[in-house]
Amino acid sequence: MIAALGLLIGVVVGLLVQPTVPFWLQPYLPIALIAALDAVFGGVRALLEGIFNDKVFVVSFVSNILVAALVVFIGDQIGVGAQLSTAVVVVLGIRIFSNAAAIRRQLFHA
Amino acid sequence: MAGQGTIDGPTLPRSAGAPARVFGSPGSSPRASTVSLLDEIWHEALDRDYAEAARRDPVPAAAGAPARRRSGRGGLLVSVFLVILGLLAATAVVQVQRRAPAAAQTRQALISEIDQRTTETDGLQEGVEALRAEVGRVRGEALQLSDDGEALDEKISRLELSTGVVPVTGPGLRVVIDDAEPSGSVDQPASGGVDATRVLDRDLQMLVNGLWEAGAEAVAINGQRITALTAIRSAGDAILVDYRPLSPPYTVEAIGDPRALEPAFADGAAGRELRVVKETFGIRFDISSVKRLELPAGSGATLRYAKREVKEHS
């Protein structure tokens, strides 16, 4: 409950403050968001399966964002940034769907 | 990560696992059962570390009181990161929305600037035409004073007529050509950048050349007179005639023998080509005879560098 509240607070603060993202960081923002979403879906699934662990969640959250951003950054440096962002989005998207399916099953069958 | 290297560790929450797995054999080794990369991504969507941590430290899930104690500190940590997630999401959305109007504004500014400059050019062009008419009138008056002058005046007006620096009128042909209907039913090359369902500069070039070939004496596109110095070319998606952007439909008017012009054009290479373009790409065109056409004067009559050879002037 507190966590959901935190999410809401984050959104509200973000909408109110409207922080300016430095130009060099802009391409990584959506990727970071997808990576973070993946971590959150994983966390929710783990929570429903009764094995949630906050330390694992935080580590996966941070490492997801960093790795995704790093992959895209390297891609940008060698000229395949757009393709690698697509790859990251596809892989994380599949994971999100998979976790969402597991969450759905947990909620409606268990 | 911690559990990445260990083969024997539980890959997925077996405890809760059975319903969570749709396919793949749960008994065999997870490495062997993954037939493809996508399968692997799908089946290992949940970080292995959760299961690993649960196996190592099953207390919080089992007992109530310690779990509560943990969730006090851990819940706060998780909340902090969810705040970060919310921030990220809101910022990303704001960023995208902020960028869109900026692009639209730039576009709008460019469009209005183009309109303004075009109007300016139109005004200047009108001024040029008025002045040119004035010059012609004054020159005519001056030349009327002598017999030689009168002959020269006649010669000048004949040359003016054929070089297209004066407006002309006469019977002729009107060809209206337009892009294909934007239905998308016609095949168009997906790549290559050129949308063949649109009228291209070379279509207009072909059309104008066909009209000259058929015996046209004066040609104009959308009110832009074609002279010996007029270029028909494209810049981006726009077609420029005499360096002025035109937009479809393009009306090509040609003055010439009303009975000979149309059949000669339709039977010529350009006419055939146009029919092919029409059938293949759906470009629409329409040819009609007109009893009286009025074509404006061409603009580019001032030669700054090309000089007449001296001895030719006799």
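Modeller: Happy to! Let's start with B:Val165, which counts as partly exposed because 19 other C-beta atoms lie within 10 Å, and a residue needs 20 or more to be called buried. Please keep in mind that this is a predicted model. B:Val165 sits in the loop that links α7 (147–163) to β1 (168–178) in chain B. Look across from there to B:Ser299: the two residues are separated by 134 residues in sequence, yet their C-alpha atoms are 6.8 Å apart.

Staying in chain B, turn next to a pair of helices. α8 (residues 201–213) packs with α10 (residues 269–281) at an angle of about 150°, and their axes are 8 Å apart. That angle is over 145 degrees, so α8(B) runs roughly antiparallel to α10(B). The crossing of α8(B) past α10(B) is left-handed. If you want to display the contact, select B:Asp203, B:Met206, B:Leu207, B:Asn209, B:Gly210 and B:Glu213 on α8(B), then B:Ala269, B:Ala270, B:Gly271, B:Glu273, B:Leu274 and B:Val277 on α10(B).

Strands β4 (residues 232–235) and β5 (residues 238–241) of chain B pair in the antiparallel sense, with four bridges between them. Within that pairing, B:Arg233 is opposite B:Leu240 of β5(B). Two residues lie between the strands, and B:Gly236 adopts a positive phi near 65° in this hairpin.

Now for the part where both chains come in. The largest nonpolar core has 39 residues, and those touching the most other members are A:Ile31, A:Ala32, A:Ala35, A:Ala36, B:Tyr50 and B:Leu85. Two or more residues each come from α1 (2–17), α2 (28–48), α3 (54–78) and α4 (81–109) of chain A, and from α4 (48–56) and α6 (64–143) of chain B. The biggest share, 11 residues, is given by α2(A). As for A:Ile31, beyond its neighbours within four places in sequence, its contacts are A:Ala68, A:Ala69, A:Val72, A:Ser85 and A:Val88. Apart from this core there is another, of 31 residues, including B:Leu204, B:Val208, B:Ile283 and B:Leu293.

One last stop is α4(B), which is largely enclosed by the rest of the structure because seven of its nine residues are buried. The buried ones are B:Arg48, B:Asp49, B:Tyr50, B:Ala51, B:Glu52, B:Ala53 and B:Ala54.

Notes. Residues are numbered from 1 along each chain as its sequence is written. Chains are lettered from A and ligands numbered from 1 in the order in which they are written. This is a predicted model: local features need pLDDT of at least 70, side-chain atom pairs count only at pLDDT 80 or more; totals for chains, interfaces and linings use all residues. A nonpolar core is a set of buried Ala, Val, Leu, Ile, Met, Phe, Trp, Tyr and Cys residues joined through C-beta atoms within 7 Å. A residue is buried if 20 or more other C-beta atoms lie within 10 Å of its own, exposed if 12 or fewer, and partly exposed in between; C-beta atoms are placed from the backbone. Two residues are in contact if their C-beta atoms, placed from the backbone, lie within 7 Å. Two strands pair if DSSP finds at least two bridges between them. Axes are lines fitted to C-alpha atoms, for helices over the stretch in contact, and angles run from 0 to 180 degrees between N-to-C directions. Angles under 35 degrees count as roughly parallel, over 145 as roughly antiparallel, 65 to 115 as roughly perpendicular and the rest as oblique. A crossing is left-handed if the near helix is turned anticlockwise from the far one by less than a right angle, and right-handed if clockwise.
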